[in-house]
Amino acid sequence: MHIQAITLFPEMFSALTQSGVTARALHKDLWQFEAINPRQFADNALGYVDDRPFGGGPGMIMMAPPLQAAIEAAQASCPQAQLVYMSPQGQPLTHNMVAKLAEKPGLTVVCGRYEGIDERVLEINDIEQISIGDFVVSGGELPAMMLMDAVIRLLPGALGDAQSALEDSFVNGLLDCPHYTRPVEFRGVGVPDILRGGNHGLIAQWRLIQSLSRTLARRPDLLASRVFTPEESRLLHAIKQEERDVP
Ligand code: 9WO
């Protein structure tokens, strides 16, 4: 997959290209990275890419001409790529959206700085806007890297087989269950006996119960839009019943 970032800070992306699963996937040639800096396309001698907002107010706005030139350079090198802009005004990112993006041949992520970009760039290029949460950070680069990381780890071959199976966790629309490793006792706190008993049927059921009750307690919105297997319905009913008995 060809991944491009349109950014005033290309060096930030070394977090993805130099560490962990994403760096290994790059070395395996599962993805290629290209940063395009709008500053290269500034048509003034000083190389500025921002200007004051029409209508007044604090801060600066990324100007349309250098940003548009950067987008066109990106599209020339990867015409089939999906174009997105990281913004708190975008659609909230979900696993489903990540999985769809992972199937595309390319992804071009526009990263804003200052107080945002000239709206006409979004309009002219019909850019999909994506949010990673209801908060503001100082630029689109970190949100872009979160999107890219989520996409890259889904590329076939990026994770080992064992890890890929674990991926089922969020794919199945529930929160993950608790995890434990050695030592058996830590600061006086033990590990649930079931996990050490070797009965894999019971272990799977314990994990499902944990996932269901956590999701019910912390993210009931996830349960509202989910279809349940008969076993899940039965367990969820029992969990709710127990809540009423032991309030
Ligand atoms: C900065 C600012 C300063 C004073 C008054 C209002 C202000 N708004 C902003 C602002 O929204 N800046 C953004 C910084 C401009 C676009 C890129 N930036 C950004 C993207 N911050 N947070 C995101 C983001 C992207 C996706 N999901 C969550 C947050």
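## The lining of the second largest pocket

In this predicted model, the lining of the second largest pocket is made up, by class, of 12 nonpolar, 10 polar and three charged residues. The space within this pocket comes to about 480 Å³. Among the 25 residues that line the pocket, Y85, M86, S87, P88 and Q89 are the closest to its centre.

Three elements of secondary structure, namely strand 5, helix 5 (119–125) and strand 7, each contribute at least two residues to this lining. Strand 5 gives the most, with five residues.

## The ligand and its shell

The second largest pocket is also where the ligand sits. Around the ligand there are 18 residues, of which Y114, E115, I132, F135 and V137 come nearest. Sorted by class, this shell has 10 nonpolar, seven polar and one charged residues.

Strand 5, which covers residues 82–92, and strand 7, which covers residues 128–131, each supply at least two residues of the shell. As in the lining of the pocket, where strand 5 gives the most, strand 5 also gives the most to the shell around the ligand, here with four residues.

## Backbone atoms close to the ligand

For I132, a polar backbone atom is 2.9 Å from a nitrogen atom of the ligand. For V137, a backbone N or O atom lies 2.9 Å from a ligand nitrogen atom. For Y114, the distance between a backbone N or O atom and a nitrogen atom of the ligand is 3.3 Å. The distances for I132, V137 and Y114 may be set against the cut-off for a polar contact, which is a pair of N or O atoms within 3.5 Å.

## The cavity

The space in the largest cavity is about 30 Å³.

The residues lining the largest cavity are Q75, C78, P79, A81, L83 and T108. By class, its lining has four nonpolar and two polar residues, and no charged residues. The lining of the second largest pocket, by contrast, includes three charged residues, and the shell around the ligand includes one.

Terms used: Residues numbered from 1 in each chain as written. Predicted model: local features only at pLDDT ≥ 70, side-chain atom pairs only at ≥ 80, totals over all residues. Heavy atoms only, no water. Near = heavy atom within 4 Å. Polar contact = N/O pair within 3.5 Å; in protein donor to acceptor, adjacent residues only side chain to side chain. 1 Å grid on protein atoms, 1.4 Å probe; cavity = no way out; pocket = protein on both sides within 12 Å on 5 of 7 lines; lining within 4 Å. Sits in = over half its atoms within 2 Å of the grid points. Nonpolar A, V, L, I, M, F, W, Y, C, P; charged D, E, K, R; others polar. Points joined across faces, edges and corners; volume = space filled by probe spheres on them.
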